[in-house]
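Reader: Could you walk me through this structure, a point at a time?
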Amino acid sequence: MKAHVVLAHPEPKSFNAHLAALARETLVECGWQVTLTDLYADGFDPCEQASHYRTPLNADRFDTQSEQRHASAEGALPPEVTSEIDRLSEADLVILQYPMWWHLPPAILKGWMDRVFVYGEVYKSNFRFENGRFVGKKAMISVTVGTSPETYAFNGRSGDIDLLLWPVNFSLAYVGFDVLPPYVAYGVEAGLRYSDASVVEQRLQDIQENYRARLRHVESDPVVPFNRMADWGDNGRIKPDAPAYSPFIRHREELKID
Ligand SMILES: Cc1cc2nc3c(=O)[nH]c(=O)nc-3n(C[C@H](O)[C@H](O)[C@H](O)COP(=O)(O)O)c2cc1C
């Protein structure tokens with residue numbers, strides 16, 4: 001089994017970098033082969049733009065999906081994109097490791113998605129979800145957040161964590177991955193500490209143990225449900241008898257969550 005970890009954090013000594021290394025170490029102990037991309041260390045450019053395309057379809061006006069499709073067809077994708085697609089293609093499990101920044105992944109990881117989930121090579125209209133490029137593979141978010149599980153509950157002041165993580169998970173499902181429940185490390189107070197140092201140290205120890213335990217049985221984790229292509233009507237809306245799994249895609253009645 002092969003896993004690929006994508007790390008999005010600027011500091012090599014950060015807790016996020018530590019969790020990425022811990023994931024690699026734990027999975028290797030369990031017999032996995034593991035690759036790791038450290039986006040900041042690699043100097044990955046998250047800004048999708050014309051200069052990445054050496055043989056553009058249209059040098060006068062940069063249309064992103066047209067250029068992605070053209071470069072896919074011509075075998076002219078940027079090498080840093082091709083190498084990531086290759087790693088994803090080889091992996092049975094992909095882990096995205098990042099801190100919550102303004103309720104979203106850091107821009108470098110969003111840019112990785114913009115550039116690596118390429119129109120043509122990775123997705124197109126009949127090549128997504130259950131027909132997608134990465135069908136049969138699993139993907140999981142591993143995210144650190146600054147505050148407690150309570151603040152990320154359905155009625156918490158930081159926002160419902162399931163909803164906050166939905167867009168990234170939806171994108172993973174879009175390109176075909178089976179999405180595993182996220183690993184959320186709560187209360188990861190970095191330099192700005194508001195709790196007692198010993199409390200934070202113990203919490204970080206517990207997170208590491210819990211994460212290792214989670215990874216040891218990651219293959220048997222249940223999958224987060226998303227709608228399949230067959231759930232959509234011709235009008236692009238969910239069919240009346242299809243299941244709804246999230247307030248992001250729901251039937252007219254408000255989906256109640258508690
Ligand atoms: C730009 C920025 C935005 C942040 N936004 C959030 C946020 O929206 N929610 C939250 O819980 N923590 C937020 N934090 C705190 C980080 O999530 C926290 O410091 C990080 O998870 C700790 O991991 P690290 O030690 O590896 O950096 C933010 C931190 C930064 C630098």
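Reader: How far is an oxygen atom of the ligand from a polar backbone atom of Met-100?
Author: The distance is 2.7 Å, and it falls under polar contact, a pair of N or O atoms within 3.5 Å, where within protein one must be able to donate a hydrogen and the other to accept it, and residues adjacent in sequence count only if both atoms are side-chain atoms. This is a predicted model, in which local features need pLDDT of at least 70 and side-chain atom pairs count only at pLDDT 80 or more, while totals for chains, interfaces and linings use all residues. Residues are numbered from 1 along each chain as its sequence is written, and side-chain values use heavy atoms, with hydrogens and water left out.
Reader: And what about His-9 and the ligand?
Author: A polar side-chain atom of His-9 lies 2.7 Å from an oxygen atom of the ligand, whereas for a polar backbone atom of His-103 the distance to a ligand oxygen is 3.0 Å.
Reader: How much of the ligand's accessible area does the protein cover?
Author: Of the 630 Å² that the ligand has on its own, the protein covers 73%, with areas from the Shrake-Rupley method and a 1.4 Å probe, and for residues only the protein chains shown count as cover.
Reader: Switching topic, which domains does the chain have?
Author: The assignment, which is automatic or from a database, gives domain 1 (2-226) and domain 2 (227-258).
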